[in-house]
Amino acid sequence: MGALIIGLFFMAIGWIVQSRLKSKFREYSQTHLTRDLTGAEVARLMLADNGINDVQVTHVEGELTDHYNPATKTVNLSEGVYFGRNAAATAVAAHECGHAVQHARAYSMLELRSAMVPIQSISARVINFLFMIMIFGSFFASQIIPFQTALLIIIGCYGVFALFALITLPVEFDASKRALAWVQSRGIVNNTEYSMAKDALKWAAMTYVVAAIGALTTLFYYVMLFLGSRRD
């Protein structure tokens with residue numbers, strides 16, 4: 001029950017932050033970029049300036065579904081960003097290209113995060129399977145897996161989730177730092193547009209901060225639950 005309450009609390013916080021991010025994006029999308037460049041043009045220009053010629057810029061469906069895929073070497077921009085000629089689109093496009101630059105420069109935290117992806121995936125499957133046993137087979141669960149052993153498995157899985165979330169933070173902040181430095185030095189934005197881009201990326205980063213705090217709080221809860229069960 002405690003884990004459920006924690007999960008719902010941070011889900012609500014995450015929803016609020018995500019709503020704020022979308023609101024900011026819509027607000028800053030109303031201001032036409034002085035340089036009159038689309039997000040796709042900004043992305044291609046930033047990649048070229050960093051000597052990256054093997055990354056393609058494509059567009060995907062959805063709102064704020066933008067991401068960089070290191071496996072396929074593609075910067076995938078949502079349609080609003082790909083075709084947008086505003087500070088918000090510029091910020092998001094440059095941020096995703098920041099990840100491409102990290103990949104090209106072998107940024108250590110990005111490499112560590114990529115290495116952890118399969119571990120995180122396995123942990124997610126393990127914990128989902130364990131929770132299904134505990135929910136639907138509660139009568140037999142204690143006979144199959146002792147309670148303390150189950151807690152240790154849960155702690156291990158959430159330890160992976162928390163570590164992954166913490167490693168994600170410097171990756172995201174660094175990508176934004178690279179993006180903002182480039183759009184300013186290249187003269188892509190004026191001072192007003194720069195402030196908009198910076199604020200948009202700040203709210204995008206907040207979604208990762210909330211996720212990291214939520215993962216750490218859940219991990220701490222299960223650790224305290226395990227220590228309490230040992231005393232009993």
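**Exercise 1. Overall layout**

Task: State how many helices and strands the protein chain holds, and in what order they run.

Solution. The protein chain has eight helices and three strands. The model is a predicted one. Read the elements from the N terminus: the order is α-α-β-β-β-α-α-α-α-α-α. Next, take the extent along the principal axes: the C-alpha atoms fill a box of roughly 65 × 35 × 30 Å.

**Exercise 2. Burial and contact range**

Task: Find what percentage of the 232 residues counts as buried, and what percentage of the contacts with a separation of 6 or more joins residues 24 or more positions apart.

Solution. Start with burial. The cut-off is under 20% relative accessible area. By that test, 43% of the 232 residues of the protein chain are buried. Then turn to the contacts with a separation of 6 or more. Of these, 76% link residues 24 or more positions apart.

**Exercise 3. Packing of H2 and H4**

Task: Describe how helix H2 packs with helix H4: what are the angle, the axis distance and the handedness?

Solution. Two numbers come first, because a packed helix pair is described by the angle between the axes and the distance between them. H2 spans residues 39-49 and H4 spans residues 87-104. Their angle is about 30°, and their axes lie 8 Å apart. Angles under 35 degrees count as roughly parallel. H2 and H4 are therefore roughly parallel to each other. The crossing of H2 and H4 is right-handed.

Now list the residues that meet. H2 contributes Gly-39, Val-42, Ala-43, Met-46 and Leu-47. H4 contributes Ala-89, Thr-90, Ala-93, Ala-94, Cys-97, Gly-98, Ala-100 and Val-101. Sort the residues of this contact by class: ten are nonpolar, three are polar and none is charged.

**Exercise 4. The surroundings of Ser-123**

Task: Locate Ser-123 in its helix, and say which residues Ser-123 touches beyond four places away in sequence.

Solution. Ser-123 sits in helix H5, residues 108-136. Its relative accessible area is 8%, so Ser-123 is buried. Leave out residues up to four places away in sequence: Ser-123 then touches Cys-157, Val-160 and Phe-161. Of these, Cys-157 is the buried cysteine from Exercise 4.

Methods: Residues numbered from 1 in each chain as written. Predicted model: local features only at pLDDT ≥ 70, side-chain atom pairs only at ≥ 80, totals over all residues. Heavy atoms only, no water. Axes fitted to C-alpha atoms, helices over the stretch in contact; angles between N-to-C directions. Helix = DSSP H or I, 4+ residues; strand = E, 2+ residues; numbered from the N terminus. Parallel < 35°, antiparallel > 145°, perpendicular 65-115°, else oblique. Left-handed = near helix turned anticlockwise from the far one by under 90°. Contact = heavy atoms within 4.5 Å. Nonpolar A, V, L, I, M, F, W, Y, C, P; charged D, E, K, R; others polar. Buried < 20%, exposed > 50% of the residue type's maximum accessible area, 1.4 Å probe, protein only.
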